[in-house]
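Let's take a walk through this structure together. Have the sequence and the 3D view open, and follow along one stop at a time.

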Amino acid sequence: MRLTDQEKAMADGRDGPGIQKAMDLLLRYGEALGAERLVETRNVCSMFTASMPFQRDYAIRQGSMDAMLSEFNLDSQETVEIPPFRAFTSQLQIGFDSAHAPSLGVGEEMMRFYRRSEVHMAGLGAQLMNTCTPYQVGNVPTRGEHCAWMESSAVIYCNSVLGARTNTEGRESTSAAALTARIPYWGYHLDENRYATDVIELDVDVDSTEDWGILGYYVGEQVLERVPALTRRHGTIRTPNLARLKHFGAAASSSGGVEMYHIVGVTPEALTLEQALGRRAPQRTFRYGEAERRATYERINSTAGSHDIQFVMLGCPHYTIEQIWEAAMLLQGRKVHDNCALWIFTPRTIKALADLNGYTRIIEDAGGVLMSDTCSAVSRMIPPGTRAVALDSAKQAHYLPAAVGVQAWFGSTAQCIDAACTGQWRGALQ
Amino acid sequence: MSGAIASDNTAARQTLTLRGRKVVGGVAEGEALVTRQHISGWGGVDPRTGTIIETRHELRGVSFAGKVLVFPGAKGSSGWSSTFHTARLMGMAPAAMLYNETTAKAALGAVVTHAPTVTDFDLDPLQHIETGDWVRVDADRGVVEVVRRAT
């Protein structure tokens, strides 16, 4: 790779061994990609704080946070001192909600270690947003901004909705980016890779958040890691809001590896279909109609069987304040069934707003819990005795059965709240 | 010649050579584990055993530990690299990896797994390698030698 004088100096150790190891990782990674150079970034989303037992045990065994960070964040088997970050860096979701540690089964030793790592990372400059949706709580990149983000649902939102530029980075590459303010100039950083390759022609109205989730799951299955452009066969697409695009992107990056999409007339690089395609012909065209919608719904629900529900989990990706409001209104005056638990996940700062608005009280009075920082698939924490869970996220329905061995029903938020209050799944595709 | 099928008379077994681009250097050999389905790292693999756990994946329940993993590419969560990184620390990494589609997930995953890895082949490994074949990967030279499983 071609390096600038600054980059060569970092790679040669001018700025210390931590920066040198970060550059070493970026150079190995850039070569693996076939990248020709690095690009400067001032916006990183990564994972540093140690909220998993394996990392805690590693840090304790090796004797320091730096040892854990050297291995897990920089792929360095030699322990180096990790210096303060050079790029603005947001901490993504973590392994539990420290405010609900006892009910999540998190022990005191783990909590003590986590607190230590939290203080350590904030000291280095990590913004402790603790969410998979940093774009909800103060990290909103501008169009064209070069970023180094991980978390597939955030990456696809960053590229597609905001028009900023990132690949689906990992823990190691984003950590190296935080320390060096560099990331390989490759993939979605370049104009030519951002154009649509495939066209999805919608032949059915897509309106509810549930519908956008189903469509996302279908699109991911069809285009895998290619770039789709969505267009309405007749008429125009009703403009989806943040929650709908959050669910759509999360689903498309779970069933497939979609990192970038266009919605003609909605997303910033798709004023027209021709612009989205870069004036090229699409490689493939898919028609999404009622039959595709129903078949996709059945596949998302393929693990489901029992109609007895012990757990309802909402907030994948982390709920918006609008979604919390909706859930609170659906719950008002009702009670969560004795045989069922209801957990809703949102970023900490949005939970503070929900507290202020009185939504937390409504949810708690009904017997539900509003949590932050994590979700069940990430934490692998579910209420004891759960056999079947109800979800309004196609992404969570994709991952949770494999992660914790439960059946999952997917449906609308209203159907999930109904399941929480009756202990029964009565949902069906409308 | 690249891609030519040669006959090894002494063993009476077919060998085949594929050529590609080095992703991660090194030399390793082992039994092939081939899937035509993309692999999900985090949420699709249990790094403690190297076992594929994704619901409806054709390799569900199968471990890639010590195998030459042949797959089209990576999909899903950005925890791909962390999962393979952890599998290496657990001693459950693949011996080598061969994939077709370069993505940030697959490339970074290969780097932190420290497994010799090759991509951009002259012949599609998914068409020419079967599970159970013996595969020798010289990633530094970009050469993959395949000895067919005795049938």
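**A guided walk through the two chains**

At 47% relative accessibility, A:Arg14 counts as partly exposed (buried means under 20% relative accessible area, exposed over 50%, and partly exposed in between, with a 1.4 Å probe and protein chains only). Its salt-bridge partner is A:Asp15, and the closest N and O atoms of the two are 2.8 Å apart. A salt bridge here is a side-chain nitrogen of Lys or Arg within 4 Å of a carboxyl oxygen of Asp or Glu. A:Asp15 is partly exposed too, at 25% relative accessibility.

Before going further, some ground rules. This is a predicted model, where local features need pLDDT of at least 70 and side-chain atom pairs count only at pLDDT 80 or more, while totals for chains, interfaces and linings use all residues. Residues are numbered from 1 along each chain as its sequence is written, chains are lettered from A and ligands numbered from 1 in the order in which they are written, and side-chain values use heavy atoms, with hydrogens and water left out.

Back to the salt bridges: over all chains, the count comes to 38. Side chains of opposite charge can pair when their charged atoms come close. In chain B, have a look at B:Arg48 and B:Asp46, whose closest N and O atoms are 3.1 Å apart in a salt bridge. Here B:Arg48 is exposed, with a relative accessible area of 55%, whereas B:Asp46 is buried at 16%.

Now find B:Lys75 and B:Glu54, whose side chains meet in a salt bridge at 2.9 Å, N to O. This pair links distant parts of the chain, 21 residues apart: B:Lys75 sits in strand S9 (residues 74–75) of chain B, and B:Glu54 in the loop between strands S7 (51–52) and S8 (68–71) of chain B. Helices (H or I, at least four residues) and strands (E, at least two) are DSSP runs, numbered from the N terminus. Are these two partners buried or exposed? B:Lys75 counts as buried at 10% relative accessibility, and B:Glu54 is buried as well, with a relative accessible area of 6%. Elsewhere, salt bridges that share partners join A:Asp24, A:Arg28, A:Glu71, A:Asp75 and B:Arg88 into one network.

B:Arg88 and A:Glu71 form a salt bridge through their side chains, at 2.9 Å from N to O, and the count between chain A and chain B is three salt bridges. There are also 16 residue pairs in polar contact between the chains, both residues at pLDDT 80 or more. A polar contact is a pair of N or O atoms within 3.5 Å; within protein, one must be able to donate a hydrogen and the other to accept it, and residues adjacent in sequence count only if both atoms are side-chain atoms. Several helices of chain A each supply at least two residues to the side that touches chain B, among them H2 (17–33), H4 (65–74) and H8 (209–223). H2(A) gives the most, with six residues.

How many residues are in contact across the two chains? It is 42 residues of chain A with 32 residues of chain B, where contact means heavy atoms within 4.5 Å. The two chains bury about 3000 Å² between them, 58% of it on carbon and sulfur atoms; buried area is the accessible area (1.4 Å probe) that two parts lose on being put together, summed over both.

Next, the cysteines. By the rule that a disulfide is a pair of cysteine sulfur atoms within 2.5 Å, the count over all chains is zero. A:Cys158 is in no disulfide, and the nearest cysteine sulfur, that of A:Cys147, is 4.2 Å away. A:Cys158 is buried, at 0% relative accessibility.

Two last stops. A:Pro84 lies in the loop between H4 and strand S3 (88–91) of chain A and counts as exposed at 53% relative accessibility. Leaving aside neighbours within four places in sequence, A:Pro84 is in contact with A:Leu124 and A:Leu179. In chain B, helix H2 (residues 104–113) is mostly covered, with 10 of its 10 residues buried, including B:Leu108 and B:Val111. After H2(B) comes B:His114, whose phi is positive, near 60°.
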